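Me: I have a structure open and would like to talk it through before setting anything up. Can we start with the backbone and work outwards from there?

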Amino acid sequence: MRRTKIVATIGPATATPNALRRLLEAGVDVVRLNAAHSDMKTHSNNARLVRELASELGRSVGILVDMPGPKIRSGLVANDEVELESGQEFVLSGLEDSIGDAQHVSTTLPDLAQWARPGDEVYLADGAIVLRVLESIGKDVRTEVLRGGPLRSRKGMHLPRAEAHVEPFTARDALALEMAIAAKVDFLGLSFVRRAEDVERVRAMLPKRGMRPALVPKIETAAAIDNLAGIIEAADAVMVARGDLGIQMPARRVPLLQKEIIRACNMAGKPVITATQMLESMTRSPLTHPRRSQ
Ligand SMILES: Nc1ncnc2c1ncn2[C@@H]1O[C@H](COP(=O)(O)OP(=O)(O)OP(=O)(O)O)[C@@H](O)[C@H]1O
Ligand SMILES: CC(=O)C(=O)O
């Protein structure tokens, strides 16, 4: 029996019966539904589809709902992708619902300007794009692009000063939790946990009897690294979320932290998942900077 399990995130391109069947046949053990995207109805339909296909194929396949958590994101951009050039100016807009372009983008942080000081670095596109803050003007933040690249809609953004001030459990988390419990999913991924209490808070919201999902905190903040032992103790399993971890701290630290987290989980007898950029070097080339998996 293969002891290592494969977790695959499904999205619009893979949520058809045919594509899903091929994924399960190719060896996917756990299907991840990212509740940060799409609507909850689509996720619960997909969960049902996965279960039907798994039973048709005589396979046991787990379902993991990844909770959105307090992840900061930039907003929608025109045609789902714009290109930012190094050296240009770019505005992070305080207007929540504006559609972004190559000059500006909205963010999920209404009080963004409060957390940006001239000279601060801001990361967009899950760390691929780097900006430097020039000044705040009202609710907008004017920046210079230090490292350009393609910016797609609703990608992760990192603004170091804001991290500690965001609500740990959002309105969207409440919707995702309700959907996951109703769909009786096997695992709940907890995004951006900072301490053991963030895991315990969700555990207290689970049904007291019957099927309860296993809680899988994602280690992706600097605070979670500081509080690792307590988080592992509060968890049923752990995910090394290299994507965001490599934005919250220098990417070169990720491989060693990954080993440390895996070792600590092995010692505690808790399953551990290594996530993100598994096949990244095969999807884009040439490499301009090392990926988390390298
Ligand atoms: N259910 C979905 N519906 C639409 N797009 C999706 C869905 N799931 C994933 N995607 C797309 O695939 C990309 C990569 O998926 P992934 O699950 O890694 O999310 P992410 O936004 O990078 O953030 P995170 O993993 O930290 O939640 C997303 O940014 C999004 O563009
Ligand atoms: C999986 C995930 O959320 C990350 O790598 O950041």
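**Backbone, domains and ligand shells**

Me: Let's start with Asp80, is it buried or exposed?
Reply: Asp80 counts as exposed, because 10 other C-beta atoms lie within 10 Å of its own. Keep in mind that this is a predicted model.

Me: Where does Asp80 sit in the chain, and what is its phi?
Reply: Asp80 belongs to the loop between strand 3 (62-66) and strand 4, and its phi is positive, at about 65°, although Asp80 is not a glycine. Most residues other than glycine have a negative phi.

Me: What about Arg154, what is its phi?
Reply: Phi of Arg154 is near 55°, again a positive value in a residue other than glycine. Arg154 lies in the loop between strand 10 (149-152) and helix 3 (171-182), and it is partly exposed because 14 other C-beta atoms are within 10 Å.

Me: Back to strand 4, then. Why does Leu84 count as buried?
Reply: Leu84, which is part of strand 4 (residues 81-84), has 22 C-beta neighbours inside 10 Å and therefore counts as buried. Setting aside neighbours within four places in sequence, Leu84 is in contact with Phe90, Ala102, Ile129, Val145, Gly148, Gly149 and Leu151.

Me: And how far is Leu84 from Met205?
Reply: Their C-alpha atoms are separated by 42 Å, with the two residues 121 apart along the chain.

Me: Stepping back, how many helices and strands are there, and how does the radius of gyration look?
Reply: The protein has nine helices and 14 strands. A compact globule of 294 residues would have a radius of gyration near 19 Å, and the protein has 19 Å, so the two agree. The C-alpha trace spans about 55 × 40 × 35 Å along its principal axes, and buried residues make up 35% of the 294 residues.

Me: How is it divided into domains?
Reply: There are two parts, domain 1 (7-71 + 166-283) and domain 2 (78-165), and their centres, taken over C-alpha atoms, are 27 Å apart. Eight residues of domain 1 are in contact with eight residues of domain 2, and on the side of domain 1 that touches domain 2 these residues divide into two nonpolar, four polar and two charged.

Me: What about the nonpolar cores, which residues have the most contacts inside the largest one?
Reply: Those are Val65, Leu188, Val216 and Val238, in a core of 44 residues. Strand 13 (residues 238-241) gives the most to this core, with four residues. Apart from it lies another core, of 22 residues, which includes Trp115, Ile129, Val130 and Leu159.

Me: Changing topic, what surrounds ligand 1?
Reply: Ligand 1 is surrounded by 14 residues, of which the closest are Thr9, Gly11, Asn34, His37 and Ser38. By class, this shell has two nonpolar, seven polar and five charged residues, and it draws at least three residues from each of domain 1 (7-71 + 166-283) and domain 2 (78-165).

Me: And which residues surround ligand 2?
Reply: The shell around ligand 2 is formed by Lys218, Glu220, Ala241, Arg242, Gly243, Asp244, Ala275 and Thr276, which divide into two nonpolar, two polar and four charged. Helix 7 (residues 242-248) provides the largest share of that shell, with three residues.

Key. Residues are numbered from 1 along each chain as its sequence is written. Chains are lettered from A and ligands numbered from 1 in the order in which they are written. This is a predicted model: local features need pLDDT of at least 70, side-chain atom pairs count only at pLDDT 80 or more; totals for chains, interfaces and linings use all residues. Helices (H or I, at least four residues) and strands (E, at least two) are DSSP runs, numbered from the N terminus. The radius of gyration is taken over C-alpha atoms; the globule rule is 2.2 Å times the number of residues to the power 0.38. A residue is buried if 20 or more other C-beta atoms lie within 10 Å of its own, exposed if 12 or fewer, and partly exposed in between; C-beta atoms are placed from the backbone. A residue is near a molecule or strand if its C-beta atom, placed from the backbone, lies within 6 Å of it. Ala, Val, Leu, Ile, Met, Phe, Trp, Tyr, Cys and Pro count as nonpolar, Asp, Glu, Lys and Arg as charged, and the others, Gly among them, as polar. Domain bounds come from an automatic or database domain assignment. Two residues are in contact if their C-beta atoms, placed from the backbone, lie within 7 Å. A nonpolar core is a set of buried Ala, Val, Leu, Ile, Met, Phe, Trp, Tyr and Cys residues joined through C-beta atoms within 7 Å.
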